[in-house]
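Hi everyone, thanks for coming.

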Amino acid sequence: MASGADSTSSGINVPRLIVGLGNPGENYRDTRHNIGFMVLDEIARRLGAAFREEKRWSGMVAKFSGGYLLKPLTFMNDSGRSVQAVGHFYKARPEQTLVVYDDVDLPLGRMRFRTNGSAAGHNGIRSLIGSLGTQEFPRLKVGISPEGGRPAGERMVGHVLGKFHAGEQTELQAVIQRAADAVLSAVDRGLEAAMNVFNRQTES
């Protein structure tokens with residue numbers, strides 16, 4: 001596992017802070033909006049890293065040899081406050097902060113790395129952009145779109161806060177594993193190398 005190489009000194013952008021977005025509490029545990037939490041739980045399991053609640057940062061934090069994992073406990077719309085506080089304390093710049101979250105424009109089973117970009121309607125990313133003061137942070141978007149495409153209007157809230165149904169479980173578990181592979185590849189080899197492999201794999 002990479003030992004936290006610095007993107008400035010090495011010329012390779014290795015993430016030091018891995019963030020999974022979701023909502024805290026039992027009511028949200030298995031909802032589509034919480035797929036970022038699910039991916040981080042799998043990464044922590046593979047690394048043997050244990051999450052601890054850090055109330056000063058309103059988040060669950062786990063340390064591993066290359067950096068830190070964070071699950072904000074602020075609820076989705078205020079995620080940026082926790083991410084900014086943890087990143088500041090551990091000196092992880094926005095470009096070293098990799099955010100894993102759900103994307104309703106990608107079908108379930110698909111994922112895509114991006115190095116920057118707008119919130120595209122995602123309230124968690126909107127909060128991060130506001131708190132970090134930049135859109136220049138990498139992210140791994142994990143698809144949760146239904147077969148009919150992005151839900152419209154009031155159906156959007158019901159979809160993202162709904163739980164994965166039985167017919168989605170196989171695809172869900174597979175994409176969680178691939179997303180964990182992708183994040184750990186970025187930590188080991190750098191973001192660009194991981195993007196080259198995993199974005200190509202998911203192209204149709």
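I'll go through some salt bridges, then a helix, then an annotated histidine.

A word on the ground rules before we start. This is a predicted model, where local features need pLDDT of at least 70 and side-chain atom pairs count only at pLDDT 80 or more, while totals for chains, interfaces and linings use all residues. Residues are numbered from 1 along each chain as its sequence is written, and side-chain values use heavy atoms, with hydrogens and water left out.

So, how many salt bridges does a search of the whole structure find? The search finds 10. By salt bridge I mean a side-chain nitrogen of Lys or Arg within 4 Å of a carboxyl oxygen of Asp or Glu.

Let's begin with R32 and E168, which form a salt bridge with their closest N and O atoms 3.2 Å apart. This pair links distant parts of the chain, 136 residues apart: R32 is in the loop between β1 (17-20) and α2 (35-47), and E168 is in the loop between α5 (155-160) and α6 (169-189). Those helix and strand names come from DSSP runs, numbered from the N terminus (helices are H or I with at least four residues, strands are E with at least two).

Are these two buried or exposed? R32 counts as buried because its relative accessibility is 8%, and E168 is buried too, at 10%. The cut-offs are these: buried is under 20% relative accessible area, exposed is over 50%, and partly exposed is in between, using a 1.4 Å probe and protein chains only. Leaving out residues up to four places away in sequence, E168 touches R32 and L108, where contact means heavy atoms within 4.5 Å.

Next, please find R46 and D181, another salt bridge, with 2.5 Å between the closest N and O atoms. R46 lies in helix α2 and D181 in helix α6, so this pair ties together parts that are 135 residues apart in sequence. Here R46 is partly exposed, with a relative accessible area of 31%, and D181 is partly exposed at 35%. The two also belong to a network of salt bridges that links E42, R45, R46 and D181.

One more pair: the side chains of K141 and D103 form a salt bridge at 3.5 Å, N to O. K141 lies in strand β7 (residues 139-145) and D103 in strand β5 (residues 97-107), so the pair ties together parts 38 residues apart in sequence. Both K141 and D103 are buried.

Now let's go back to α6. This helix has 21 residues and reaches 30 Å from its first C-alpha to its last, close to the 30 Å expected at 1.5 Å a residue; the expected span is 1.5 Å times one less than the number of residues. Its buried residues include L172, V175, I176, A179 and V183. Just after α6, G190 takes a positive phi of about 100°.

Finally, which residue does the UniProt annotation "active site" cover? According to that unreviewed entry, H33; such annotations may be inferred rather than shown by experiment. H33 lies in the loop between β1 and α2, and H33 counts as buried because its relative accessibility is 12%. Its side chain makes a polar contact with the side chain of D102 at 2.9 Å. A polar contact is a pair of N or O atoms within 3.5 Å; within protein, one must be able to donate a hydrogen and the other to accept it, and residues adjacent in sequence count only if both atoms are side-chain atoms. Among the residues that H33 touches, not counting those up to four places away in sequence, are M76, D102 and H122.
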